[in-house]
Amino acid sequence: MKEIILIKNGELALKGLNRMNFENALIKNIKTAINGLGATNITRAQSTITIEPVDESYPFEEALERIQKVFGIAAFCRAASVEKDIDVILRQCVPYLKEAMQGVKTFKVEAKRADKKFPLTSPEISRLVGGELLKNYHHLKVDVHNPELVVTVEVRDKAAFIRAGQLHGAGGMPVGTGGRASILISGGIDSPVAAWMMAKRGIELDAIHFASPPYTSIRAEQKVKKLLGRVARYSGPIRIGIVPFTELQQTIADNCPEEYFTLIMRRMMMRISERLAKRRNSLALITGESVGQVASQTLPALVTTDAVVNMPVFRPLIGMDKDEIIEISRRIDTFEISIEPYEDCCTVFTPKHPRTRPTLEACEQAEALFDFEPLIEDAVRNTVFETIEEY
Amino acid sequence: MQDVIYLDNSATTKPCDEAVKAALNAMENCYGNPSSLYEFGMQAEDIVTDARKTIAKALFCREDEVYFTSCGSESNNTAIFGAAELLKRSGKHIVTTAIEHPSVLEPVLALENAGYEVTRIAPDKFGNISLVDIENAVREDTVLVTMMYVNNEVGSILPVEKIKSILQKKGSRALVHIDCVQAFGKLKINAPALGADLISLSAHKIHGIKGAGVLFVKKGVRLSPLIKGGGQEKGLRSGTEAVPAIAAFGAAVKALPDLNNSAEYLLKIKNYCLERLKAFENVVINSPENSSPYILNFSFLGYRSETVLHHLERYFICVSSGSACSKGKGSYVLREMGLNQSVVDSALRLSFSRQTTTADIDKFIDALQLALKLRKSNI
């Protein structure tokens, strides 16, 4: 007997002729995720990916934890791979399932016979394996409708797999199959969640952060990197560009009407982000905005910020409430970092009474009071890039 | 590396050469376990004993009243929980102040949640604690009075030397704990004369290294330990002694200059700084008169503490912001003093050491001048 990990593709199975591309991307991401844990053979057949560790001392729990974060997986589990012989299956299933069986009172067995040349039918396999388990574990009862545990026996081309239950995968699509987009990340609760949601749909992430020292702290920058590190557990490494933003912000504050500070700042951020995104072959921008959350996120405000860019701006949180966003941020372990108390985008420049129903014309007029173009170009040119590994 | 102008000596201090040497010696030559039976372990024990002697001398107390811990916070926790446990049958009332260090505030709060009653004396608008308030706070069932000698944020000096006589006058048998972390090595601390039962000290605030603290426990006071185990420090603090940090603590105490001389020097530094700060129209001083010469708290009105802190950082000047960065939060000490939110949000704390020079102050003032070019914030 050998212990292995079985991984079931998610929606991938639906993807017609492109399926191979998606599966290749998924296998590549799985390999990256479990890199460093030990040598394995990875194979695939019938929308199942099999990871077979070379060494018996393979750290299965750690590997499963990492695989849980790979997008594009519907379900996964540990399994015993045994010889395709009913006697062997019956002999091996009892010790292999010992721990799992001891934790439950009711179970059922499901057999799947992919290899139709196997001499027994699926119901026959189920009955035999079920009988063998009952004979060895006297506390167990069979419950075909509501079992605490489903034992599965799959008879495949090369071997039979025995497993107890399975875990839900992260769902979504393999990262990298959806093209690249750039997340504008501040350090708050929302943007890491927005990034995670796009990565879940297969988008490869790039990140852009605006730093305004000394109004913002170096710790705020560190915090953003830690947050991206958490997202990188799911998405793989993320390239971040840190934009020096102090001068632009000061200039806005010196030259534009106060109630437009934030809006103009957002518009500048969008312009800079678009240029950075294009350089990085990134096809869209992502923000963590949700309608009405703050003054700059009212619908009229979003209209004025969108007006300055010619690429799609995705806002996956747009219809979500704060508590729904927080729930996800806790799940992906970014919440605790997000609430560290460092200034993100300096509230120093926050107007006392921001415009909540701005018009595009008024914004453009306020902006026309100064020629910002050279400062925008400076900011783009002086952006510093770095790759963030998982944290 | 650029030379740092370190004006944050209440946070920690630069270890003095003597302390570094003593720690190195303990690590390189005497790395045995003080509890081991062989000669080599005894060498480490000797280092600990020697440091204990030095600190006892500095506190005018007996050697067997000095217990090593890992830090000031541990000393405070051991003192407060230990005293409450010891006197739990005599009463359940604690007297403290609203401006204590978190390592006193939090244990006291934990006891309050466990059923103790707590009187927290508020400071006046200058940050001083009044003797009358202490006297009024003490009750028949008071079991512990815990107070700091010098406040870490504004430098106010609390009238701790009077606590014992108040208790005697009132016939109270409450224990007295004094958090001397910001006072030791700066003010004379005569443990018997202070009438303290418990005193907390920390090594790294006086040019020692991080990882060693002391709890003075008056002979006859029997505390229960927070950490149980091998029975080190007469069972009050199990765990192998941090010999290098303890060695450095002893060495740092030996290296302390005469307290009066250094107080005089520090007062010169502080007064010079006060004088130069007067030139700024937007500066208000938050430290009270006659406060510790080592600490100077002021507000740079119109500018958020954090912004100015990071601005100064660019000139390699380290100061502390009394206030956290998010709007509306900020120093609880300044808020307890009843200061305006705008004063609290723009507060900065300078803390000096004997290594601070007037040239450092000049560089700081120059950099602060440039801070006036920063954007004012809407606070």
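**Cavities and domain interfaces**

Tutor: The model is a predicted one. The second largest cavity has a volume of about 30 Å³.

Student: Which residues line the second largest cavity?

Tutor: Its lining consists of S182(A), D206(A), A207(A), I208(A), R239(A), I240(A), G241(A), L276(A), A277(A), R280(A) and F385(A).

Student: What is the volume of the largest cavity, then?

Tutor: The largest cavity holds about 110 Å³ of space. It is lined by 14 residues, and those closest to its centre are G185(B), K186(B), H207(B), Y294(B) and R354(B).

Student: How does that lining divide into nonpolar, polar and charged residues?

Tutor: The lining of the largest cavity has 5 nonpolar, 6 polar and 3 charged residues.

Student: What area do the two domains of chain B bury between them?

Tutor: Domain 1 and domain 2 of chain B bury about 2300 Å², with 53% of it on carbon and sulfur atoms. On the side of domain 1 of chain B, T13(B), Y332(B) and M337(B) supply 25% of the area buried against domain 2, more than any other three residues.

Student: And how many salt bridges or polar contacts cross that interface?

Tutor: Between the two domains of chain B, the rule finds 0 salt bridges. It does find 13 residue pairs in polar contact, both residues being at pLDDT 80 or more.

Student: Changing topic to chain A, how is that chain divided?

Tutor: Chain A is divided into domain 1, covering 2-171, and domain 2, covering 180-388. Contact between them takes 4 residues from domain 1 of chain A and 6 residues from domain 2 of chain A.

Student: What separates the centres of those two domains?

Tutor: For chain A, 43 Å separate the centres of domain 1 and domain 2, taken over C-alpha atoms.

Student: What do they bury between them?

Tutor: The two domains of chain A bury about 590 Å², and 61% of that is on carbon and sulfur atoms. The side of domain 1 of chain A that touches domain 2 of chain A has 2 nonpolar, no polar and 2 charged residues.

Student: How many salt bridges and polar contacts are found there?

Tutor: Across the interface of domain 1 and domain 2 of chain A, the rule finds 0 salt bridges.

Methods: Residues are numbered from 1 along each chain as its sequence is written. Chains are lettered from A and ligands numbered from 1 in the order in which they are written. This is a predicted model: local features need pLDDT of at least 70, side-chain atom pairs count only at pLDDT 80 or more; totals for chains, interfaces and linings use all residues. Side-chain values use heavy atoms; hydrogens and water are left out. Domain bounds come from an automatic or database domain assignment. Contact means heavy atoms within 4.5 Å. Buried area is the accessible area (1.4 Å probe) that two parts lose on being put together, summed over both. A salt bridge is a side-chain nitrogen of Lys or Arg within 4 Å of a carboxyl oxygen of Asp or Glu. Ala, Val, Leu, Ile, Met, Phe, Trp, Tyr, Cys and Pro count as nonpolar, Asp, Glu, Lys and Arg as charged, and the others, Gly among them, as polar. On a 1 Å grid over the protein atoms alone, a cavity is a set of points where a 1.4 Å probe fits but cannot get out, and a pocket is an open set with protein on both sides within 12 Å along at least five of seven lines; lining residues have an atom within 4 Å of a point. Grid points are joined across faces, edges and corners, and a volume is the space filled by probe spheres set on the points. A polar contact is a pair of N or O atoms within 3.5 Å; within protein, one must be able to donate a hydrogen and the other to accept it, and residues adjacent in sequence count only if both atoms are side-chain atoms.
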